[in-house]
Amino acid sequence: MEEYLLNLIERMGNDSDHNMEAGYDSSKTISWQAFREAEKQENESYIPQLIDFIEKEKNKKKRDRVYFILGHIAKNTGDITAINFLIQRIEKETDKYVISALLDRVADLKKPKGTDLRPIIKAMKSEKWLIRHSAISALKQSSDEEAENALIEVLNNSTDPDDLTYANAALNKVGTLRAIPYIQNLLSSRKRDVKLSAKLAIEEIEKRYTFTKSTDR
């Protein structure tokens, strides 16, 4: 792997109080600065190296850092290979914190129609709420009808108010008019967050489709 990437990964794990290197703000930790640096990465030539590192690395904390780097390269470039790899890795990890963070990376990515969303949808059924909620949110930027179907299923079957709130928030971004009857059922919820997120989702979907209709004229 390129020396720069190895150095960046190491710096992301360095929680020293101050970075005294020239050109850096000494009030920030080395780790904080490295994460900000990782967020700006857009060199697609790094993708095969990062994928290879993840597949071979045994240390989950290091894999977690590399997911962060790869996730931001995918976000900044839209590289479909990186997007698909990150989604498939959801089923490979076992630590709930690593899985949740990985799903949060995936949530930031635009997932075009035809993307295999099965690992995300499977994670939505996890008994661990940390994974489940991150998985629901991970469908926010999906263009496939399968995402809407999975979110509607949450509305129909879950009694967890947090599940319902996260699903409403995701449908706010990807829902179609078809989802509105299911969301409307939650407008009478006694839970404030569920009711408010349902109201906002309906308003956003209607606004989106009113705008689409008006531009088609």
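The following questions and answers cover helix packing and selected residues in a predicted model.

Residues are numbered from 1 along each chain as its sequence is written, and side-chain values use heavy atoms, with hydrogens and water left out. In this predicted model, local features need pLDDT of at least 70 and side-chain atom pairs count only at pLDDT 80 or more, while totals for chains, interfaces and linings use all residues.

Me: Are α9 and α10 roughly parallel or roughly antiparallel to each other?
Reply: Helices here are DSSP runs of H or I with at least four residues, numbered from the N terminus. Axes are lines fitted to C-alpha atoms over the stretch in contact, with angles from 0 to 180 degrees between N-to-C directions. Helix α9 (residues 145-157) and helix α10 (residues 161-174) pack at about 150°, their axes 9 Å apart. Angles under 35 degrees count as roughly parallel, over 145 as roughly antiparallel, 65 to 115 as roughly perpendicular and the rest as oblique, and α9 and α10 are therefore roughly antiparallel.

Me: How many residues of the contact of α9 with α10 are nonpolar?
Reply: Contact means heavy atoms within 4.5 Å. E148, L151, V154 and L155 in α9 meet D163, L164, A167, N168, A170, L171 and V174 in α10. Ala, Val, Leu, Ile, Met, Phe, Trp, Tyr, Cys and Pro count as nonpolar, Asp, Glu, Lys and Arg as charged, and the others, Gly among them, as polar. The contact residues are two charged, one polar and, for the class asked about, eight nonpolar.

Me: Which backbone nitrogen lies 3.1 Å from a polar atom of the side chain of S158?
Reply: S158 sits in the loop between α9 and α10. Its relative accessibility is 18%, so S158 counts as buried (under 20% relative accessible area; exposed is over 50% and partly exposed in between, with a 1.4 Å probe and protein chains only). Leaving aside neighbours within four places in sequence, S158 contacts D163 and L164. The backbone nitrogen at 3.1 Å from its side chain belongs to D160.

Me: What is the distance from the side chain of T115 to the backbone oxygen of P112?
Reply: T115 is in the loop between α6 (96-107) and α7 (118-123), and counts as buried because its relative accessibility is 7%. Not counting residues up to four places away in sequence, T115 touches N84, I87 and D144. Its side chain reaches the backbone oxygen of P112 at 2.6 Å.

Me: Against which helices do the buried residues of α5 pack?
Reply: Helix α5 spans residues 80-88, and its buried residues are A82, I83, F85, L86 and I87. At the start of α5, a side-chain oxygen of D79 comes to within 3.0 Å of the backbone nitrogen of T81. The buried residues pack against α3 (47-56), α4 (60-77), α6 and α7.

Me: Are α6 and α8 roughly parallel or roughly antiparallel?
Reply: The axes of α6 and helix α8 (residues 129-137) come within 8 Å and cross at roughly 10°. The contact residues include L103 and A107 of α6 and L130 and I131 of α8. Given the crossing angle, α6 and α8 are therefore roughly parallel.

Me: Which residues does K195 touch, not counting residues up to four places away in sequence?
Reply: K195 is in helix α12 (residues 192-215) and is partly exposed, with a relative accessible area of 39%. K195 and I183 are twelve residues apart in sequence and 9.3 Å apart in space, C-alpha to C-alpha. With sequence neighbours up to four places away left out, K195 touches L186, L187 and S189.

Definitions and conventions: Helix = DSSP H or I, 4+ residues; strand = E, 2+ residues; numbered from the N terminus. Polar contact = N/O pair within 3.5 Å; in protein donor to acceptor, adjacent residues only side chain to side chain.
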